Amino acid sequence: MSDVWTIKAALDWTVGYLERKGDENPRISAQWLLSEATGLSRIELYANFDQPLSLDERDVLRGFVARRGAGEPLQYITGEVGFRHITVQVRPGVLIPRPETGGLVSGALSLLPPAPKRVAADAWAEEALEGGAAGPDPADDTASEDAPDAQVPAPELLVADLCTGSGCIACSIAFEHPLAHVVATDIAPEAVALASDNARALRLDDRVEVLAGDLGECVPSCMIGALDLVVSNPPYVPTAVLADIPREVADFEPELALDGGSDGLDVLRRLLPWCGAALKPGGAFAFELHEGHLDEAAALAREAGFQDVRIVHDLAQRPRVLTARKADACS
């Protein structure tokens, strides 16, 4: 490159370098890295092609490109990733949230009672006052029809998110359901610290409590038998499959969060009896599992006495999530 690095020249050089290093999407990676180095959005990059980079920006970009060229995941370099309706911080040592896991959140939320209209409207109003989304239309008089219900406080919904990692699932559930109180657990200190930071940054730490412990062992005893929902994206990759996962996953993401044993169901076998004790009658669970072993997982759930056992497919029509309910006391 010449002594003057314009944004266009830096972009072209980065694309070429990453292409030679085997990056599957070199232009997208280059856009994100240059955007992070300059503080410009990806759209602004193309509107400022002739703008020169400062020496500091050039140094930062060189470091980013070297890391990406060595195979480090883009999300670890930029330090964040969008997940459903929120953005969460990510750090080395903690699994990077995948878009597909958004389906686990959808499945989990579908198992909870919907938020009452008044509670949902109040949540929108609070967010609007804080600079978030626009609230309900003041001209809409349907809210007045719910006024009598507004006098009855809606019950809190108790949720446990086990193996929380970055906290993306716990935070999404709390963000999208204003009645959810989530206890998020993880055995890895790095994950506990990151999930706590994400809950705090999203101003959800009043309803997302992050605890250190193995699966549900640290969930407060007062919640055992009272949980409305247990959700988890546990380690579920069969050990033999780990040898075939992409290099940037194998080399950089924690094996502890990936290896699920010979059939990927080692953690599920521990989760099922715990859920049987921790869920209230009629409570439910949602677990993301390996697509090749969901039929076996469903059979294990039925053998454990759970009802309404279902396998949920993702947008690519791959089996991904197992859901079920604990038998109601009346059934």
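**Labels and their cut-offs**

Modeller: Start with a charged pair: Arg 84 and Glu 176 meet through their side chains in a salt bridge, at 2.7 Å from N to O. The model is predicted, so local features need pLDDT of at least 70 and side-chain atom pairs count only at pLDDT 80 or more, while totals for chains, interfaces and linings use all residues. Residues are numbered from 1 along each chain as its sequence is written, and side-chain values use heavy atoms, with hydrogens and water left out.

Colleague: What makes Arg 84 and Glu 176 a salt bridge?

Modeller: The term asks for a side-chain nitrogen of Lys or Arg within 4 Å of a carboxyl oxygen of Asp or Glu. The N to O distance here is 2.7 Å. Therefore the pair qualifies.

Colleague: Which parts of the chain does the pair link?

Modeller: Distant ones, 92 residues apart. Arg 84 is in the loop between strand 1 and strand 2 (86-89), and Glu 176 is in helix 10 (residues 168-176). Helices (H or I, at least four residues) and strands (E, at least two) are DSSP runs, numbered from the N terminus.

Colleague: What about Arg 318 and Glu 291?

Modeller: Their side chains meet in a salt bridge at 3.8 Å, N to O. Arg 318 sits in the loop between strand 8 (307-313) and strand 9, Glu 291 in the loop between strand 7 and helix 14, so the pair ties together parts 27 residues apart in sequence. Arg 318 is partly exposed at 42%, and Glu 291 is partly exposed at 40%.

Colleague: Are Asp 314 and Arg 320 buried or exposed?

Modeller: Both are buried. Asp 314 forms a salt bridge with Arg 320, with the closest N and O atoms 3.0 Å apart. Elsewhere, salt bridges with shared partners join Asp 263, Asp 266, Arg 269 and Glu 296 into one network. The whole structure holds 16 salt bridges.

Colleague: How many disulfides are there?

Modeller: The count is 0. A disulfide is a covalent bond between the sulfur atoms of two cysteines.

Colleague: What makes a set of residues a nonpolar core?

Modeller: Buried Ala, Val, Leu, Ile, Met, Phe, Trp, Tyr and Cys residues, joined through side-chain atoms within 4.5 Å. The largest such core has 35 residues; Leu 227 and Trp 274 are among those with the most contacts inside it. Elements giving two or more residues to this core include strand 3 (157-162) and strand 6 (227-232). Helix 13 gives the most, with 7 residues.

Colleague: What does Leu 227 contact, leaving aside neighbours within four places in sequence?

Modeller: Among others, Leu 158, Trp 274 and Gly 283. Contact means heavy atoms within 4.5 Å.

Terms used
Buried < 20%, exposed > 50% of the residue type's maximum accessible area, 1.4 Å probe, protein only. Disulfide = S-S within 2.5 Å.
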